[in-house]
Amino acid sequence: MRRSLARAVRLALLMSAAVATPVVGQEGGSGEPRPARTIRAVDDSLATLIEAADERLARGQVARAVEEYRRAQQMLGLHLLYGEADRFYYEESARIHAGLARAYLETGDPFAARIEASRGLNLTEDDAGLWTLLGSARYRLTETEDAEWAFRRALELDPDRAEAHWGLALVAVASNRIDLARRHGGEAVQLDPRARYALGLARWAAIVNDHPAATEALDDYLRWIDGGSAPGYRNLRRFYAWVAEAPANRVDPRVRRAQINFDLKRGDEIPYVPVRFNGGEVAYVLFDTGAEFNVVDRRFARSIGVDTIVPGGGLRGAYRRSPGGYTLVDSLEIGSFRIQRVPFSVADFEALNLRGQGSYYIAAVINPALLFRDFRVVIDFRHRRIELERYGAGGRGRRLAGRSTTRPFRFDANGVWPVIPVRLDGSSPLPFLLDTGSSDVVVERETANVLRLDPRRLHARTDGFAAPNLRAVLHDGSLGEPWGVRLHGILGFPFFRNMRVAFDYRTMTLELSE
């Protein structure tokens with residue numbers, strides 16, 4: 001079986017070799033055997049070329065590394081054509097495929113990375129590194145079950161492979177198994193003390209309000225990070241230590257259900273929810289599933305008696321940036337819910353063009369995944385209301401009225417962005433962020449060009465529900481976390497118009513009802 005696979009690989013490599021530059025030292029015509037010394041020389045040249053590509057990739061020269069790997073493939077093809085018949089160069093081919101897979105992950109092309117890792121595994125099935133790369137590519141494509149299997153296979157072969165533990169942590173975050181994610185992330189940090197791992201652990205600890213652990217993880221991060229970005233994270237560490245002095249995001253356990261009416265401003269159809277801050281003034285907040293953090297306006301925070309704002313790095317809105325910071329708000333009242341000691345990032349909403357929304361005074365942005373993770377959250381765009389139901393209150397699992405469809409969703413690496421697969425004009429399913437804080441449908445320009453989409457009129461479908469004749473805004477660059485799910489766009493209000501949308505964070509299912 002290995003011999004037949006190798007012959008297939010040999011034929012593929014020979015095809016690429018047909019356009020390659022002849023190797024220095026080639027003697028005679030195509031039918032003449034090559035001297036052993038020439039074969040050894042090409043062996044050495046091939047090894048040198050692969051090592052050079054590996055070094056370029058390690059230094060971050062990804063495009064040059066890909067060029068070197070492709071040159072190595074061409075040289076290998078010629079070597080297979082003229083070399084010894086009984087040698088098939090499994091190890092060299094697998095190294096090339098592994099290098100290309102890692103390079104494509106670096107450049108944000110998990111589909112190409114999945115192909116390269118699979119090709120490498122066709123040559124050697126017991127390579128833990130290739131299984132880890134395959135798992136990473138599948139995770140970024142939201143193939144989470146297949147990704148988990150690949151990471152577990154990698155750990156069977158090499159129990160001390162930190163990247164495989166980290167991959168299992170990302171898979172666990174995707175399905176809202178935060179405790180499991182923290183365990184695997186802790187294993188990764190013990191095996192390989194990387195700053196990126198520590199930062200992820202800090203983020204996930206904060207999501208579940210374990211701010212003492214988040215503080216410790218940031219201590220690790222600050223020890224390992226390059227000093228250039230350290231000042232902002234030192235302030236974040238100060239903030240986590242402040243929050244850790246007492247429990248945060250405390251929701252009154254006596255309240256089991258709530259219903260809150262919201263407004264939609266014409267032309268910017270984002271849920272504007274009335275909220276009472278610190279027992280006093282009522283202001284509007286944006287109910288935004290696409291927000292990475294809860295954010296409060298700096299001037300409004302000062303007006304309600306917030307004295308301490310820890311400086312932070314800049315925050316970016318849809319098209320603008322603002323100086324950042326961190327603070328605690330004593331209490332929020334949303335409908336019949338009272339939430340105490342709520343951590344917020346701080347931004348200047350005027351700079352982000354958020355505060356002045358006609359007669360609406362926008363004071364904050366709230367992501368329900370950060371405050372209401374223990375609730376089933378229903379956003380009813382037709383009747384303009386939000387329904388919250390605590391798990392265990394007797395109504396869990398009740399379907400929405402009318403014709404509805406239910407499908408799983410996943411979280412991105414930050415643990416709060418809901419991601420679902422969407423077909424655009426009949427394409428294969430592509431991961432999209434489900435964003436109630438966006439008044440537009442957004443598609444990456446590269447994706448639109450590849451699919452030849454007309455942004456003035458496109459058709460979006462997720463299992464059981466279709467939205468025809470949508471207009472899309474094209475986005476230059478990438479969306480989402482660098483090592484999170486590869487997002488191709490954002491589904492905003494035009495997709496949800498006149499619908500009821502239910503987020504069940506415990507079962508990680510999304511229900512859509514017309």
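1. **Burial and surface.** Of the 514 residues in the protein chain, 53% are buried in this model, which is predicted. The accessible surface of the chain comes to about 23,500 Å². Carbon and sulfur atoms hold 47% of that surface.

2. **Secondary structure and contacts.** The chain has 16 helices and 24 strands. Take the contacts with a separation of 6 or more: 66% of them link residues 24 or more positions apart.

3. **Confidence overall.** Mean pLDDT for the chain is 84. A value of 70 or more is reached by 84% of the residues. Helix α8 (residues 162-174) has the highest confidence, at 97. Helix α1 (residues 2-17) has the lowest, at a mean of 42.

4. Across residues 1-31, pLDDT is below 50. The model still gives this stretch 43 contacts beyond near neighbours in sequence. Residues 33-37 also stay under 50. For residues 33-37 the model has 7 contacts beyond four places in sequence. Read both sets of contacts alongside those pLDDT values.

5. **Helix α11, geometry.** Helix α11 covers residues 211-224, 14 residues in total. From first C-alpha to last, α11 reaches 20 Å. That is close to the 20 Å expected at 1.5 Å a residue.

6. Which residues of α11 are buried? They are His211, Ala214, Thr215, Ala217, Leu218 and Tyr221. Seen down the axis of α11, the buried residues fall within an arc of 165 degrees, so they line one face of the helix. On the other side, Glu216 and Arg223 are exposed. The cover over the buried residues of α11 includes two helices, α10 (195-207) and α12 (230-243), and a strand, β9 (337-347).

7. Strand β24 spans residues 509-513. Because 4 of its 5 residues are buried, β24 is largely enclosed by the rest of the structure.

8. **Strand β24, partners.** Strand β14 (residues 404-408) runs antiparallel to β24, joined by 5 bridges. In this pairing, Thr406 stands opposite Glu511 of β24. Strand β23 (residues 500-504) is also antiparallel to β24, again with 5 bridges. Here Asp504 stands opposite Thr509 of β24.

9. **The β23-β24 hairpin.** How many residues lie between β23 and β24 in their hairpin? There are 4. Met508 sits in this turn. Its phi is positive, at about 55 degrees.

Note on methods. Residues numbered from 1 in each chain as written. Predicted model: local features only at pLDDT ≥ 70, side-chain atom pairs only at ≥ 80, totals over all residues. Heavy atoms only, no water. Expected span 1.5 Å × (residues − 1). Buried < 20%, exposed > 50% of the residue type's maximum accessible area, 1.4 Å probe, protein only. Arc of directions from axis to C-beta. Contact = heavy atoms within 4.5 Å. pLDDT = per-residue confidence, 0-100. Areas by Shrake-Rupley, 256 points an atom, 1.4 Å probe, with all protein chains shown as cover. Pairing = 2+ DSSP bridges.
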